[in-house]
Amino acid sequence: MASPTAAPATEAEPPVTHPELRECFGCGMFQIVPALGPDQRADCARCGTSLRRTRTDSFGRGIALNAATLVLFVVLWTTMLMTVSTAGIVHDTKLESGPLELVRHGLWPLALVVAFTTAIAPLGKYAGMLYVLVGARARTPFPYLGRVFRFARTMGIWAMLEVLLLGVFVAFTKLGDLVHIEVGPAVWALGLLTITALWADTAVDPDAVWEAIERSGQTRAPLPENRSLVFHPGMVACESCGLVAAHDGAHREGAGHGSCLRCGAALHPRKPDALNRTWAYIIAASILYIPANVYPVLTVIQAGSGEPSTIIDGIVELIASRMYPLAILVFVASVMVPVLKLAGLAVMLMAVMLVTTEVGASRLLRERTKLYYIVAWIGRWSMVDIFMESLLGALVQFGAVVNIAPGIGAVAFCGVVIITILGAEAFDPRIMWDAAGQNKHRPWQFLRTRRTPPLNH
């Protein structure tokens, strides 16, 4: 065990937390997080992954910002997004027009993804967070705080309103030569919502919320008052709430370790079957990447002429129109990011499965861990192309004058984005450190099996 990097609390700012034993979810090292004061952070001493970050008035600011975000969310979905006009024809569009237009073209799977990532997931995240923050501070705590908090954090993975804002910007820029556009109040609400949502995410300390839920008595089982600061074999860290405790049931190698005493989530020393599941997602996304680039994603008909265009065709058209910044943005989001994400996951997997020595597996461990977090974060931004196509299809419907329709290639590309996000969530960066022999409490069975010759009977 090692102490992470953290500035000591001053006398003016007394500690707001207690020392606790934590596992780093980047490298698997168990270490003590010292007592922290307000607005302090503790990082892993080995790989640099953040272990705990405290906030000043986490609940008060969180309640205010999440409430403001919910109000802006209602404005976003109930007011006008844009007004477009051409040849004397005026067309008003709201945000729900995009998914409805996709359904009209028979692309209902794409419509479901757009609706989920821009409506259902954000609403679940912000409403769930507000429920938990208010409920934990109420005189009589609200029921099911732990379950709602876990749900809200899961929805946060799929809430993509900040990506939608970028998609609105791209659609607005791309339509400049086709139609006249007037921005509605929903666009301004989306811009403010993006700011308040990001502020809310940084203002709330999730660990403080779990501690408040624990004090309310809403735990799966009673927790010991004095928790050990010494690691013992068999201890497992909960990936939902971070609690480190010995498992509470019999288990076998590869099986689960029961449920977390605090939040009730299933406990696993490592994400179940991480290698095989990640490979499956990579292969599936690679297969879908071919039709995503071969089939058209958009068809623009202007004055009776036009033809379907693929992702690459759209980038070429932007370059021909001298929209170089927009062309670079679309190229990075739609071409480079999916390829780099697939390549990054494949590199991490091959470094674990194909390297047969601990010395080889130890190369660039910190860098590969940072690469994982970059891959996990950047993948969502590829959805900008999907949101842009949804908006363009809803905004530009002027019959024979000018018309834009999304294509089947967009469904395949959306599949690539969603599957790569699932792949990043399935991978466990700790197994890279296990393979390098850095976690002595976790012997790496894969390498040991490869190096050990079979027994002769």
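**Figure 1. Leu364 in the loop between α11 and α12.** In this predicted model, Leu364 lies in the loop between α11 (358–361) and α12 (365–378); helices (H or I, at least four residues) and strands (E, at least two) are DSSP runs, numbered from the N terminus. Residues are numbered from 1 along each chain as its sequence is written, and side-chain values use heavy atoms, with hydrogens and water left out. Because the model is predicted, local features need pLDDT of at least 70 and side-chain atom pairs count only at pLDDT 80 or more, while totals for chains, interfaces and linings use all residues. Phi of Leu364 is positive, near 55 degrees, and the residue is not glycine. Most residues other than glycine have a negative phi. Leu364 has a relative accessible area of 57%, so it is exposed (buried means under 20% relative accessible area, exposed over 50%, partly exposed in between, with a 1.4 Å probe and protein chains only).

Figure 2. With 67% relative accessibility, Arg322 counts as exposed.

**Figure 3. Packing of α9 on α10.** The axes of α9 and α10 come within 8 Å and cross at roughly 165 degrees. Axes are lines fitted to C-alpha atoms, for helices over the stretch in contact, and angles run from 0 to 180 degrees between N-to-C directions. The crossing angle therefore makes α9 roughly antiparallel to α10 (under 35 degrees counts as roughly parallel, over 145 as roughly antiparallel, 65 to 115 as roughly perpendicular and the rest as oblique). The crossing of α9 past α10 is left-handed, a term used if the near helix is turned anticlockwise from the far one by less than a right angle, with right-handed used if it is turned clockwise. On the α9 side, Ile311, Ile312, Ile315, Leu318 and Ile319 take part; they meet Tyr324, Leu326, Ala327, Val330, Phe331, Ser334 and Val335 of α10. The residues of this contact divide into eleven nonpolar, one polar and no charged (Ala, Val, Leu, Ile, Met, Phe, Trp, Tyr, Cys and Pro count as nonpolar, Asp, Glu, Lys and Arg as charged, and the others, Gly among them, as polar).

Figure 4. Ile315 lies in helix α9 and counts as buried, at 7% relative accessibility. Not counting residues up to four places away in sequence, Ile315 touches Ala327, Val330, Phe331 and Val335; contact means heavy atoms within 4.5 Å. Ile315 and Phe331 are 16 residues apart along the chain, and their C-alpha atoms are separated by 6.6 Å.

**Figure 5. Packing of α5 on α13.** Helix α5 (residues 161–174) and helix α13 (residues 383–395) pack at an angle of about 55 degrees, and their axes are 8 Å apart. This angle makes α5 oblique to α13. The crossing of α5 past α13 is right-handed. From α5, the contact uses Val163, Leu164, Leu166, Gly167, Val168, Val170, Ala171 and Lys174; from α13, it uses Met383, Val384, Phe387, Met388, Leu391 and Leu392. Twelve residues of the contact of α5 with α13 are nonpolar, one is polar and one is charged.

**Figure 6. Thr369 in helix α12.** Thr369 lies in α12 and counts as buried, with 1% relative accessibility. Leaving aside neighbours within four places in sequence, Thr369 is in contact with Gly26, Cys47, Thr49, Met432 and Trp433.

**Figure 7. Leu198 in helix α6.** The helix that holds Leu198 is α6 (residues 185–203). Leu198 is exposed, at a relative accessible area of 57%. The C-alpha atoms of Leu198 and Glu162 are separated by 8.8 Å, and the two residues are 36 residues apart along the chain.

**Figure 8. Asp92 in strand β6.** Asp92 has its place in β6 (residues 89–93) and is partly exposed, with a relative accessible area of 45%. Neighbours within four places in sequence aside, Asp92 is in contact with Met80, Met82 and Thr83. From Asp92 to Met80, twelve residues apart along the chain, the C-alpha atoms are separated by 7.0 Å.

**Figure 9. The whole protein, for context.** The secondary structure comes to 16 helices and twelve strands. Of the 457 residues in the protein, 49% are buried. Among contacts with a separation of 6 or more, 72% are between residues 24 or more positions apart. The accessible surface comes to about 21400 Å², of which 64% belongs to carbon and sulfur atoms (Shrake-Rupley method with a 1.4 Å probe; for residues, only the protein chains shown count as cover).
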